[in-house]
Amino acid sequence: MLKSMTGFGKSVIEAPHLTVTAEIKTLNSKFTDIYCRIPKSLSFREIEIRNLLTQNLERGKIELNLSTNYTNVASSGTSINRPLVEAYMKDLQDTGSGYGVDDTTELFKIALSLPNAYNTETVSEEQAEEEWKIILSAVNQAISECTKFRLREGAIVTGKFIEYIDKIGELLKEVEEQDKLRIPAVRERLRRSVTDLLEADDFDKNRFEQELIYYIEKYDISEEKVRLGTHLVYFKEVLKEGNGKKLNFLCQEIGREINTIGSKANDVVIQRMVINMKDELEKIKEQTSNVL
């Protein structure tokens, strides 16, 4: 099934001592571009998290926001270094008074951001592993929600693709009908050209054969019509596979056949149909850049 590269997923897991919130947002991109906003305490896990996102979300611009909130201070392994923070506050207030700065709240935020403002206590390996399982579960749930979102978006896009492809197919049938009316005119044009060539004083048999082949190839669009019809059928088959890159390649092939029909037909009515075909194809191209 086709997946969109646009997606969103959120998960919140509440454990007895820990609440984990994971949000994942994805957008279209030719490559895998991952941005992780995670707590500093999980920095050593970032590569593992990135691999998890890559394996499950495949491609696109992926943004992860992960936050942890400890409901039990003792279990967080972190506490405020009060004496040092108080010293920071006194120094900041003394310095700020000389510049007319007396916003205590703002100064307190600055004090908390300064080095060693927190005491980091060592938690047991068992506790750390338990917390990681909770965090990992939240990330996996967010990935699952994001995937469901992508599938819903993909189903909508699939419906649009079928609509556009069917429209091109209808126009191709109109081209085939118009081609039946065009052939007599082409035949008469070719007859006059051949007659003029045969009546010429400097008639050359080799040149005659070359000219005949040239005109037949120039005006015949039978192969292009067949190939275009085949591409349209195959496009729907690839839709079921959910392969966005293959769809993009097929768009190029479809466009090539449409352009050739337009240039070889040399017919005003068919030219208008070709323009409408190109319009439908452009709609497809706009969407293929946003599917996996």
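Author: Buried means under 20% relative accessible area, exposed means over 50%, and partly exposed lies in between. Glutamate 58 has a relative accessibility of 40%, so it counts as partly exposed. Keep those cut-offs in mind. The model is a predicted one.

First, the pocket itself. The second largest pocket holds about 200 Å³ of space. Its lining includes Met5, Asn28, Ser29, Lys30 and Arg59. Gly244, Lys245 and Asn248 are also among the lining residues. Helix 8 gives the largest share, with 3 residues.

Now helix 8. Its 22 residues should span 32 Å at 1.5 Å a residue. The C-alpha atoms at its ends are 31 Å apart, so the span agrees with expectation. At the start of helix 8, a side-chain oxygen of asparagine 243 comes within 3.2 Å of the backbone nitrogen of lysine 245. Just after helix 8 comes asparagine 266, with a positive phi of about 55 degrees. Most residues other than glycine have a negative phi.

Lysine 264 also belongs to helix 8. Is lysine 264 buried or exposed? Its relative accessibility is 19%, and therefore it counts as buried. The cut-off for buried is under 20%. The side chain of lysine 264 makes a polar contact with the side chain of glutamate 224, at 3.3 Å.

Back to glutamate 58. Where does glutamate 58 sit? It lies in the loop between helix 1, residues 46-57, and strand 4, residues 60-70. Glutamate 58 has a positive phi of about 65 degrees, although it is not a glycine. Leaving aside neighbours within four places in sequence, glutamate 58 is in contact with Lys3, Thr32, Leu53 and Leu292. Glutamate 58 and methionine 5 are 53 residues apart along the chain. Their C-alpha atoms are separated by 9.3 Å.

Asparagine 116 sits in another loop, between helix 4, residues 104-113, and strand 6, residues 118-120. At 59% relative accessibility, asparagine 116 is over the 50% cut-off and so counts as exposed. Setting aside residues up to four places away in sequence, asparagine 116 touches Asn81 and Leu84. Asparagine 116 is 31 residues from valine 85 in sequence. In space the two are 8.7 Å apart, C-alpha to C-alpha.

Next, two buried positions. Valine 20 lies in strand 2, residues 18-27. Its relative accessibility is 0%, so valine 20 counts as buried. Which residues does valine 20 touch, not counting those up to four places away in sequence? They are Ser11, Val12, Ile13, Leu66, Ser67, Thr68, Ile134, Ile135 and Ala138. The C-alpha atoms of valine 20 and asparagine 69 are 6.4 Å apart. Along the chain, 49 residues separate valine 20 from asparagine 69.

Threonine 158 is in helix 5, residues 125-199. With a relative accessible area of 17%, threonine 158 is buried. Beyond its neighbours within four places in sequence, threonine 158 is in contact with Leu2 and Leu239.

Last, the whole protein. The protein has 9 helices and 6 strands. Of its 292 residues, 38% count as buried. Valine 20, threonine 158 and lysine 264 are among the buried ones. Take the contacts between residues at least 6 apart in sequence: 78% of them join residues at least 24 apart.

Note on methods. Residues numbered from 1 in each chain as written. Predicted model: local features only at pLDDT ≥ 70, side-chain atom pairs only at ≥ 80, totals over all residues. Heavy atoms only, no water. 1 Å grid on protein atoms, 1.4 Å probe; cavity = no way out; pocket = protein on both sides within 12 Å on 5 of 7 lines; lining within 4 Å. Points joined across faces, edges and corners; volume = space filled by probe spheres on them. Helix = DSSP H or I, 4+ residues; strand = E, 2+ residues; numbered from the N terminus. Expected span 1.5 Å × (residues − 1). Polar contact = N/O pair within 3.5 Å; in protein donor to acceptor, adjacent residues only side chain to side chain. Buried < 20%, exposed > 50% of the residue type's maximum accessible area, 1.4 Å probe, protein only. Contact = heavy atoms within 4.5 Å.
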